[in-house]
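Let's take a walk through this protein together, one part at a time.

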Amino acid sequence: MAKEFDVVVVGAGPGGYIAAIRAAQLGFSVGCIEKWKNPKGELALGGTCLNVGCIPSKALLASSEEFEKIQHHADQHGISVQGAKIDVAKMLARKDGIVTKMTKGIEFLFRKNKITWLKGNGKFVAKTDAGYQLEVTGDEGSETISGKHVIIATGSKARHLPNIKVDNDLVCDNEGALNFPSVPKKLGVIGAGVIGLELGSVWRRLGAEVTVLEALPAFLGAVDETVAKEAAKLFGKQGLNIQLGVKIGEVKTSKKGVSLAYADKDGKEHTLEVDRLIVSIGRVPNTDDLGLGAIGLGVNERGFIDVDEHCRTKLPNVYAIGDVVRGPMLAHKAEDEGVMVAELIAGQKPHIDYNCIPWVIYTSPEIAWVGKTEQQLKQEGRAYKTGQFPFMANGRALGMGAPEGFVKMLADASTDEILGVHVIGLNASDLIAEAVAAMEFKASSEDIGRVCHPHPSLSEVMREAALAVEKRALNM
Ligand code: FAD
Ligand code: NAI
């Protein structure tokens with residue numbers, strides 16, 4: 001007799017495991033199929049985010065930032081440190097320990113919520129009157145299970161270039177780039193997107209000479225132009241060599257490293273010799289071996305499963321969430337879609353405002369934003385007002401040795417509704433949460449300007465930027 005569930009979730013990344021937990025909270029019987037194996041060959045929950053994405057990358061960011069602080073900034077505080085060294089093996093072991101703690105934490109949450117972890121690859125085999133049948137194939141063999149409702153949360157994998165073989169040793173995607181056994185003397189990065197900048201910065205802080213090659217002529221095209229300009233200036237000062245408008249040519253690997261031919265923005269040919277190369281040119285949705293054809297579901301021309309604004313596919317009771325569907329490839333977006341779908345199945349009326357999903361780039365300083373950029377508002381022909389305030393004029397930022405960056409707020413010219421908030425500066429990832437809440441509640445810039453903010457704190461910069469919208473910042 002096949003195991004039957006009210007809800008079957010395929011994939012236990014942040015989309016899938018959160019959907020499973022919310023569905024279980026709402027009283028459904030839930031099975032979650034997951035096949036991920038860590039480098040030790042152990043099955044693990046948590047998907048890309050916990051195993052090879054958000055969590056390990058932020059652990060390395062923190063280690064490398066500590067190293068840089070001790071080497072270059074302790075002196076300002078009167079602290080002298082000589083001979084600081086980085087033990088890469090220990091740093092990686094710390095990161096791996098955090099990953100294990102987090103992935104084991106989800107196993108605990110599954111047991112707590114009585115979610116059945118179905119270990120192996122999940123593949124649709126049929127649609128029956130009772131629901132959908134899936135075959136789960138793992139180390140122990142195969143079993144067929146069925147679900148009245150199915151949530152596809154199979155995530156994404158790194159996109160590779162056709163002429164560049166990724167071996168995750170010399171030429172790496174995100175998986176290898178989180179595990180270099182030593183600091184490369186010279187590191188090449190293809191793609192100046194989120195991963196290229198975050199991981200490029202990690203290895204630069206640890207001592208690598210980093211060259212980032214980007215195909216597009218503009219730096220961080222999706223980011224507000226004022227912020228992108230500031231970021232380019234700061235990253236350049238830090239020593240990241242970012243080349244825009246390049247065309248990648250032949251890549252050769254040898255015992256010595258990687259040799260990469262490229263044409264610069266003026267068409268001049270160059271060869272870059274590096275010890276290791278990161279290829280970070282975006283991600284593609286995971287739908288291999290999922291058996292979509294067996295239930296009459298396909299993918300669109302970009303490989304995504306088509307869904308409506310509530311993550312419903314064209315089939316009844318089949319939903320898809322997270323990186324495998326349209327929208328930003330972000331863990332918190334996947335999580336919110338997981339909650340939304342579980343609540344929809346329970347007959348509730350949840351809704352996501354996709355305009356209020358924040359973005360963060362965890363460089364140093366961090367970049368975070370929500371809502372529209374100034375260039376988008378111009379393109380839409382919307383009348384807006386701008387307020388901007390620098391961290392340089394904030395006592396807490398100076399005390400913390402972080403005067404770089406600013407908060408920029410965009411508000412509607414007549415109603416004053418906040419349309420977008422852009423932060424470049426220390427802890428931008430935390431500061432942006434206030435702007436997200438404000439936008440969810442359709443707040444005006446005046447609302448934030450009238451709210452009492454703790455002093456001294458970085459959050460005062462958000463308030464001052466709000467006041468600056470009406471040209472009444474107090475400390476400038
Ligand atoms: P995933 O996390 O990819 O999980 C999908 C799961 O489905 C996987 O475990 C996979 O094994 C499983 N699966 C696939 N097919 C099957 C099948 N047929 N049967 C069984 N199981 C299957 N986002 C942020 O918001 N903040 C960050 O700081 C951040 N940092 C990142 C850093 C890096 C280096 C990378 C690569 C990504 C980062 N992301 C970040 C993006 C984030 O990881 C993804 O948006 C998020 O993981 C998507 O969640 P998901 O649940 O849709 O898919
Ligand atoms: P990305 O889409 O952020 O950046 C890819 C970059 O590569 C782009 O600038 C693109 O123009 C460039 N590119 C594409 N083809 C190229 C080529 N042939 N030659 C040179 N450059 C080329 O993708 P990335 O960095 O791989 O990250 C994937 C996704 O993972 C992100 O879009 C994001 O959704 C998620 N992520 C989120 C993080 C966060 O929230 N902090 C951190 C890391 C990843």
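Which residue in S10 does Val 189 stand opposite? Val 189 stands opposite Val 212. Before going on, a word on what you're looking at: this is a predicted model, where local features need pLDDT of at least 70, side-chain atom pairs count only at pLDDT 80 or more, and totals for chains, interfaces and linings use all residues. Residues are numbered from 1 along each chain as its sequence is written, chains are lettered from A and ligands numbered from 1 in the order in which they are written, and side-chain values use heavy atoms, with hydrogens and water left out.

Strand S9 (residues 186-190) and strand S10 (residues 209-213) run parallel and are joined by 5 bridges. Strands here are DSSP runs of E, at least two residues long, while helices are runs of H or I of at least four, all numbered from the N terminus. Two strands pair if DSSP finds at least two bridges between them. Zoom out and you'll find an open sheet of 5 strands, ordered S8-S15-S9-S10-S11, with parallel pairing. At its edges sit strand S8 (171-172) and strand S11 (241-243), each pairing on one side only.

Now for the overall layout. The chain is divided into domain 1 (3-158 + 284-352), domain 2 (171-281) and domain 3 (356-469), with bounds that come from an automatic or database domain assignment. Where domain 2 meets domain 3, the contact (heavy atoms within 4.5 Å) takes 18 residues from domain 2 and 20 residues from domain 3. The C-alpha centres of these two domains lie 29 Å apart. About 1,500 Å² is buried between them, with carbon and sulfur atoms giving 67%; buried area is the accessible area (1.4 Å probe) that two parts lose on being put together, summed over both. On the domain 2 side, Glu 198, Asp 224 and Val 227 lose the most area to domain 3, together 32% of what that side buries.

A salt bridge means a side-chain nitrogen of Lys or Arg within 4 Å of a carboxyl oxygen of Asp or Glu. Between domain 2 and domain 3 the count is 1 salt bridge. Helix H6 (194-205) and helix H7 (225-238) each supply at least two residues of the domain 2 side that touches domain 3, and H7 gives the most, with 8 residues.

Let's move on to another salt bridge, between Asp 289 and Lys 123 (3.4 Å, N to O). This pair links distant parts of the chain, 166 residues apart: Asp 289 is in the loop between strand S16 (283-285) and strand S17 (318-320), and Lys 123 is in strand S4 (residues 121-128). A hairpin joins S4 to S5 through 2 residues, and 7 bridges join S4 to strand S5 (residues 131-138), the two running antiparallel. The bridge partner of Lys 123 in S5 is Glu 135.

Finally, some backbone details. Most residues other than glycine have a negative phi, and most peptide bonds are trans. A cis peptide bond joins Ser 364 and Pro 365, with omega about 0°, and Pro 365 lies in the loop between strand S18 (359-361) and strand S19 (366-371). Another cis peptide bond joins His 455 and Pro 456, where omega is about -10°. Asn 427, in the loop between strand S22 (418-425) and helix H11 (428-440), has a positive phi near 60°.
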